[in-house]
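Dear colleague,

I am passing on a structure for you to look through, with my notes on it below. Please read them with the model open beside you.

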Amino acid sequence: MSKISVRNLTKKYGTAIALNNVSLEIESGEFLVLLGPSGCGKTTLLRCLAGLETPDAGEIIMGDTVVFSSEKNIMTPPGKRNLGMVFQSYALWPHMSVRDNVKFGLDVLKTPKPIADERLDEVLGDVGLGHLDQRYPSELSGGQQQRVALARLLATQPPVFLMDEPLSNLDARLRMDMRVELKRFQSEAKATTVYVTHDQTEAMTMSTRVVVMKDGEVQQISPPDQLYRQPENTFVADFVGMPRINLIKLSAEGGHGSVYSNGDIQVDIEWEPGCSEVVVGARPEDITVSQEPSPTAEDYEITAVLPNGPETIIQLTRGQTALITRVGHDTALIDGQTVWVHFKTQALNVYAAETGALISREAVTI
Amino acid sequence: MTDISQISRKGASQFRRAIIDPVNITMLLLLAVLAYLVIWPFVQLLIETLTWGQGDRRISRQAVPGEFTWFHWLQATTGPLSSKMLYGPLVNTLKTGVAATILALVAGGVLAWCVVRSDMPGKRWLQPVLTLPYIVPSFAIALAWETVFRSPKVGGQPGIYEAFLGVAPPEWLSYGAFPISITLAIHYFPFAYLLVAGALATIDSQMEESALISGAGRLMTLRRITFPVVAPAFVAALILTFGKTIGQFALPFLLGAPTQFHTVATMVYANLTLGLDSLAFVLAIVLIGMSLISIYLSNRFVGNKSRRFETISGKGFRSRVIALGGWRWPIFLAVAFFAFMVGIVPLILLAVQSVMLIDGFYGLENLTPHFWTGRSNPEIAFGEPGVLHNNIILGATWNTLKLAFISAIIASVIGLVIAYITVRRAHNPLARALDQIAFIPFLFPTIAFGAMYLTLFAEPVGPIPALYGTFALLVLISVVSRLPYSVKTGVTAITQIGQELEEAAELAGASWTMRFRRIIMPLASSGVLSGMMVSFVGVMRELSLIILLITPSTRVLMTVGFGYAEEGLAQLSNALVLIVAVLTIIGELILMWIGKGKMARLREKQS
């Protein structure tokens, strides 16, 4: 219904490049998350979609309409793009009651009063604010303000939702509840949603696909599980996942083969990437430890044990190389102990050390 | 090839988009109008001094009206009259300005320290009384001075001094540099006080405390920490106060003209009444030059643009207070006495003077309500009826309120629009130009600004009619002269409104006018309202700005009061000035009340 295409979008502020030739296809009804560190251009991209920023080059198509094109000189103003947005600060109008805040969009559309009232009651009831509609934003809690912003978005039933870190001002518990609710409203409305966040848990739990950005460029576009299992470069691998992935720089012994080492440790990845210098990415859960000596495993010293609720994070050291792994909360491992380490070879990702790009196993073995 | 055509096509369409943007249209319109109302008058004034006028044929045979000449500048700088016309008044201006500034700053600085940094009791009610002399029209203080020190040598009845002591006061005490400096200082010390108090309040006590902890003594802390932090603001206050004193017209005129003591500002007026227009304009330009230099210097001392000028006062300050110990009450008494003498006594003097049948006789049998409630009596005051029956005064009161009200509203709305453009289009060089043009009236001494409008609107130019003598011209000049302040207030208000609030409305499809009406205006209203009140009070007590533009049909209270003072009808002029003083004080009280309401709402929100 409302597919969004972004083609070769570029936006500069003076000499700083905020978006560099970004292209994206967003399917109708999709929940797309833009993820990245601050300054990566994700908010700029969202604001370009909203029409609040004018890109320098490229094209944006929503549904069947071109809303921005530098070549065809099209720049549809935000109000005509038929979309709704939730701002990071919520941007509630402090001088209007909750009801008037939500009603504003309907006023602009000149909705007849009876229809507008009916719609307002419905939306306010949906978000659970029916009894607070005469309050002013300053009289509401953070979570309630968030709901007003959501109701304001829902009131006019736009086919496209844009959200700019909407949950970042809430405390951790509330954030969790709101995630579920946001997701519910989105799927009920079947709205194409673009959601900006720097919180990877939000990205992983809510999205159908995640776009990871860095320095104004798209690094990877994948469904969340693939993003986690198969990061396409070392930046994404490092950015996604908590605790962080182990990125170990290794060299092939003799320049090729499947066995790599760095003087401290040795890893047999069991296939040949055809590259003498690699970075091996091993998630903490891809490393298993055993207290029993094994001829195929190397011995490490435990240098830190960090209990973290359901799991315990263990730091392992061999020479100058340190690894992180996670074990159950009931572990008996203690600081200073010696353990033997196995890598789950199938789960490891291998990156070319020079470019940081993933070396595809299929491509090499074929 | 295609690239170039695409670029130009793109440029053309962007241009088309830009010119139909209502904000851009408003911006260009305001730029054009303000250029005409602010920059062009100055150019016109300059041209006027460099060309022969119609009246110049009386003065010089070579005069060819409309032709270029250095005559007026030469006449002012090297002619036989130059010492009387320019150099004498210039020296007088500098003398009284410097003396008044130093006195005002010493008084203002000491008081600011007492109020902000010491534990002196009674601060809460002393502060408003201390600002009274700046709130009432400057010439109220001059009239009060005259009431006490008037000397029959110059004409009229003796003042209180002579009536009680039996000896005429020495002339230097009645008229000239001394009384002008003192009264200017009384009028301007609250201004210096507010600037210095603001600077003192910005000192974080922690800065001083950390110096103390590092082992510095109190004196060293004062010398190395406190003074350097306050110094730029102090110097800026010095220069700004000086810049304000030199533009003062009514006060030096009342206390100087009787003994032919002239400042540049009074000379502008005197020359215009003599018909020496071009010479008056030369002096107006000299005055503008002095003002420009002082403001340029003050800006060099205070790099921070936001402190360029103080508009809304009455802010509560808090920082670590210093215990005065045994000196607490003596200092309080001294400050309270001072506040009483400069804030309250002048108003009492005016009130008493306005109910005396014959000036200068102090006794109960001489008291009369005639000047307030009496009807025309040919034996008293040339038959001028009392305030309540005097059609001139009633008309002037109505004009005053109308002028202040209309100007305040227009200035605030335009100020808000300009502020909106400068804040939201900060990257646009035209928006910055607009901001700067709106600030320029601040640089013109008000009497010089009045002189400019006199030259500009004396005759019709193109579609613009000759506005001289109309009420509209008074509104126009009042609005333009208030713009620097109202833009500043507007900028403060707009900056507090997050851009997202507007973007949210934009996304909902609201047009710019709808956004301005439904989002910006209501949110900026409380700030703009207090700015409006400041303008209302400011316009009401304004004299030197409009004195040159007033005609009998457009009289306001201040000019009528000035007229009576010139004619020697002390009771009536006192009564009028008292009315203005009371009106301005009421305005200030409303302002404080608005401010308090705002604070209360803020507190409510935080809890």
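**Notes on chain A**

Among the contacts in chain A between residues at least 6 apart in sequence, 63% join residues at least 24 apart, where two residues are in contact if their C-beta atoms, placed from the backbone, lie within 7 Å. Please keep in mind that this is a predicted model, in which local features need pLDDT of at least 70 and side-chain atom pairs count only at pLDDT 80 or more, while totals for chains, interfaces and linings use all residues. Residues are numbered from 1 along each chain as its sequence is written, and chains are lettered from A and ligands numbered from 1 in the order in which they are written.

The C-alpha trace of chain A spans about 80 × 50 × 35 Å along its principal axes. Of the 366 residues in chain A, 37% are buried, a residue being buried if 20 or more other C-beta atoms, placed from the backbone, lie within 10 Å of its own. Chain A has nine helices and 21 strands; these are DSSP runs numbered from the N terminus, with at least four residues of H or I for a helix and at least two of E for a strand.

Five of the strands of chain A form an open sheet with antiparallel pairing, in the order β2-β1-β4-β5-β6, and two strands pair if DSSP finds at least two bridges between them. The edges of this sheet are β2 and β6 (74-75) of chain A, each of which pairs on one side only.

Strand β1 (residues 4-13) of chain A is joined to the antiparallel strand β2 (residues 16-26) of chain A by seven bridges, and A:Lys11 has A:Leu19 in β2(A) as its bridge partner.

Key: Buried ≥ 20, exposed ≤ 12 C-beta atoms within 10 Å, placed from the backbone.
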